[in-house]
Amino acid sequence: MDAQASSRESDGRSSDGPHGDGVEEAVAVLKAVADPTRFRLLWALSQQELPVGRLAELVGAHVAAVSQHLAKLRTAGLVASRRDGTRIFYRVSGEHVRGLLEEVVVVAGSSGDSGTGPGDSGPDSAAEPAPAPRALRWPRTVGLRPVRRPT
């Protein structure tokens, strides 16, 4: 056993999972996504690049409030922006953001007591092989519907 592995075992850490700053950064991302308005903004931006005014319309909030939310999302590394004249357009910082949102929806949908969330086929689902991935069912409570991009 090398000195690093011995050190990790002695302080209770294993080589699996994030440590130190990685945990703090992961928690900061989760906190940024945990707000309903920011989640809706991210979902809309995962579909297309949009200006602040259009985002405000989509989430039913004032432009100033949306700008504050976008600042938090930018600090967490989830959105990027570009200026075009006097308008600022926002987009997600990468495809990984869309993946995060989809995973959260799947986890939220499958964590209910009924056991019939996305991907569950009933009480025997643990004994059966995992079903093929299916289209994401967007919950009505989010307020935005996914826009299907032409391929």
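1. A residue is called buried here when its relative accessible area is under 20%. By that cut-off H69, which is found in helix 5, counts as buried, because its relative accessibility is 17%. The model in which this is seen is a predicted one, and the points below should be read with that in mind.

2. As to the overall make-up, the secondary structure of the protein chain comes to six helices and three strands, and, read along the sequence, these elements follow the pattern α-α-α-β-α-α-β-β-α. Of the 151 residues in the protein chain, 27% are buried. The accessible surface of the chain comes to about 10,100 Å², and 53% of that surface belongs to carbon and sulfur atoms. Among contacts in the protein chain with a separation of 6 or more, 53% are between residues 24 or more positions apart.

3. The three strands form an open sheet with the order 1-3-2 and antiparallel pairing. Strand 1 (50-51) and strand 2 (79-84) stand at its edges with a single partner strand each, so one side of each is left without a neighbour in the sheet.

4. The pairing can be followed strand by strand. Strand 2 and strand 3 (residues 87-92) pair in the antiparallel sense over six bridges, and within this pairing D84 stands opposite R87, while R82 stands opposite F89. Strand 1 and strand 3 also pair in the antiparallel sense, over two bridges, and here the bridge partner of L50 is Y90 in strand 3.

5. Strand 2 and strand 3 form a hairpin with two residues between them, and G85, in the turn, has a positive phi of about 70 degrees. A positive phi, near 70 degrees, is also found at G60, the residue that follows helix 4.

6. R83 has its place in strand 2 and counts as exposed, because its relative accessibility is 58%, where the cut-off for exposed is over 50%. Although R83 and P51 are 32 residues apart along the chain, their C-alpha atoms are separated by 9.5 Å.

7. Helix 3 (residues 36-47) lies across strand 1, strand 2 and strand 3, and runs at about 90 degrees to strand 3.

8. In helix 4 (residues 52-59), the residues V52, L55, A56 and V59 are buried. They cover an arc of only 105 degrees around the axis, which puts them on the same side of helix 4. The buried residues of helix 4 pack against helix 3, strand 1, helix 5 (63-75) and strand 3.

9. Which residues does H69 touch, not counting residues up to four places away in sequence? With that exclusion, H69 touches D35, T37, R38 and L41. With R38 there is also a polar contact, made between the side chain of H69 and the side chain of R38 at 3.1 Å. The surroundings of H69 in the predicted model are therefore described by its burial at 17% relative accessibility, together with these contacts.

How values were computed
Residues are numbered from 1 along each chain as its sequence is written. This is a predicted model: local features need pLDDT of at least 70, side-chain atom pairs count only at pLDDT 80 or more; totals for chains, interfaces and linings use all residues. Side-chain values use heavy atoms; hydrogens and water are left out. Two strands pair if DSSP finds at least two bridges between them. Helices (H or I, at least four residues) and strands (E, at least two) are DSSP runs, numbered from the N terminus. Contact means heavy atoms within 4.5 Å. Axes are lines fitted to C-alpha atoms, for helices over the stretch in contact, and angles run from 0 to 180 degrees between N-to-C directions. Buried means under 20% relative accessible area, exposed over 50%, partly exposed in between (1.4 Å probe, protein chains only). Accessible areas come from the Shrake-Rupley method with a 1.4 Å probe; for residues, only the protein chains shown count as cover. The arc is that of the directions from the helix axis to the C-beta atoms. A polar contact is a pair of N or O atoms within 3.5 Å; within protein, one must be able to donate a hydrogen and the other to accept it, and residues adjacent in sequence count only if both atoms are side-chain atoms.
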